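Trainee: I have a model open and would like to go through it with you. Could we begin with the surface?

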Amino acid sequence: MIKGIYHAARSLETQNKNLERIANNLANMNTIGYKREGLFVQILNQLGGPQIKSPVDLRQGEVFETKNPLDVAIVGVGLFVVKTEKGYEYIRNGNFQISQEGFLVDKEGRKVIGKNGEINLSEYQLDENNLLTITRNGEIKVGENSVDNLLVVKMNEDNYEYRKEGLNFDSLNDIEEFADENEYQILQGYLEESNVNPIQEMENMIRVSKDYESSYKMVISLDESLQKSVDIGKI
């Protein structure tokens, strides 16, 4: 009976975490480039023991046109790389801008990394005769001058669990793998929406809520049975 209470209580904890995941997905439904977090599932690890995992849904989000030449969307696999005080981080949000020092940065001011390092446009004059263009393979050009190529990388699927503060993914230590140019296209003037489906999230919320309620009732029932057993023992 004690074991039954333990398993029911553990299920309550899992369902509570799942409700938090669903709420987070719904809160980021309109966040550019957000990848929804899956529900916690129990799997067997390499040693045959139970392990709780929450996979990230990597399906493509819809892309929409902004006509801003500094907005870029990845269609296919891969992530952009930005440099932070803690090292490299990977993002899908291509809502970039140019800093006062001339660096290409994301909305938080973190430098975007190209194949040659940090991308600096300060020595190029941007005007109607020297427009900034970004090709389908990520080459950044000002007029006819090639500046750099956006660095697009891939991650080991298991490492998507290590989401950094908010929405970015941790590169752990080093950049693991470059995405092949045949695996993606860069669309200039477009951004990628989140891949959260609100209907799916609501369905998950209803199902998880029912599971939570069932586990809660089971704990109460087992607790009452245990109390009766104790009372009988006293008599």
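Predicted model: local features only at pLDDT ≥ 70, side-chain atom pairs only at ≥ 80, totals over all residues.

Trainee: What percentage of the residues count as buried?
Mentor: Of the 235 residues, 38% are buried. Buried means under 20% relative accessible area, exposed means over 50%, and partly exposed lies in between (1.4 Å probe, protein chains only).

Trainee: And how many helices and strands are there?
Mentor: The protein has two helices and 18 strands. Both are DSSP runs numbered from the N terminus: helices are H or I with at least four residues, and strands are E with at least two.

Trainee: Among contacts between residues at least 6 apart in sequence, what percentage join residues at least 24 apart?
Mentor: The share is 62%, where a contact means heavy atoms within 4.5 Å.

Trainee: Turning to aromatics, how many aromatic pairs does the structure hold?
Mentor: It holds one aromatic pair. The ring centres of Phe80 and Phe96 are 5.2 Å apart and the planes stand at 75°, so the pair is edge-to-face. Rings of Phe, Tyr and Trp (its six-membered ring) pair if their centres lie within 6.5 Å; planes under 30 degrees apart count as stacked, over 60 as edge-to-face and the rest as tilted.

Trainee: Where do Phe80 and Phe96 lie in the chain?
Mentor: Phe80 belongs to strand 5 (residues 79–84), whereas Phe96 is in the loop between strand 6 (87–91) and strand 7 (97–98). The pair links distant parts of the chain, 16 residues apart.

Trainee: Is Phe80 buried or exposed, and what of Phe96?
Mentor: Phe80 is buried, with 0% relative accessible area. Phe96 also counts as buried, at 3%.

Trainee: Which ring has the charged end of Lys111 over it?
Mentor: That is the ring of Phe103, whose centre is 4.2 Å from the charged end of Lys111. A charge sits over a ring if NZ of Lys or CZ of Arg is within 6 Å of the ring centre and within 35 degrees of the ring normal.

Trainee: On to salt bridges. How many are there?
Mentor: The count is 13 salt bridges. The rule asks for a side-chain nitrogen of Lys or Arg within 4 Å of a carboxyl oxygen of Asp or Glu.

Trainee: Which residue does Glu192 meet in a salt bridge?
Mentor: Its partner is Arg92, at 2.9 Å from N to O. Glu192 lies in strand 18 (residues 190–192) and Arg92 in the loop between strand 6 and strand 7, so the pair ties together parts that are 100 residues apart in sequence. Glu192 and Arg92 are both buried.

Trainee: What about Arg110?
Mentor: Arg110 forms a salt bridge with Asp106 at 2.8 Å, N to O, and both residues are buried.

Trainee: Which residue pairs with Lys115?
Mentor: Lys115 meets Glu181 at 3.3 Å, N to O. Here Lys115 is partly exposed at 48% relative accessible area, and Glu181 is partly exposed at 36%.

Trainee: What do strand 9 and strand 10 form?
Mentor: They form a hairpin with two residues between them, and their antiparallel pairing has two bridges. Ile113 has Glu118 in strand 10 as its bridge partner.

Trainee: Finally, what is the phi of Lys67?
Mentor: Lys67 has a positive phi of about 65° although it is not a glycine. Lys67 is in the loop between strand 3 (63–65) and strand 4 (72–76) and is exposed, at 69% relative accessible area.

Methods:
Residues numbered from 1 in each chain as written. Heavy atoms only, no water. Pairing = 2+ DSSP bridges.
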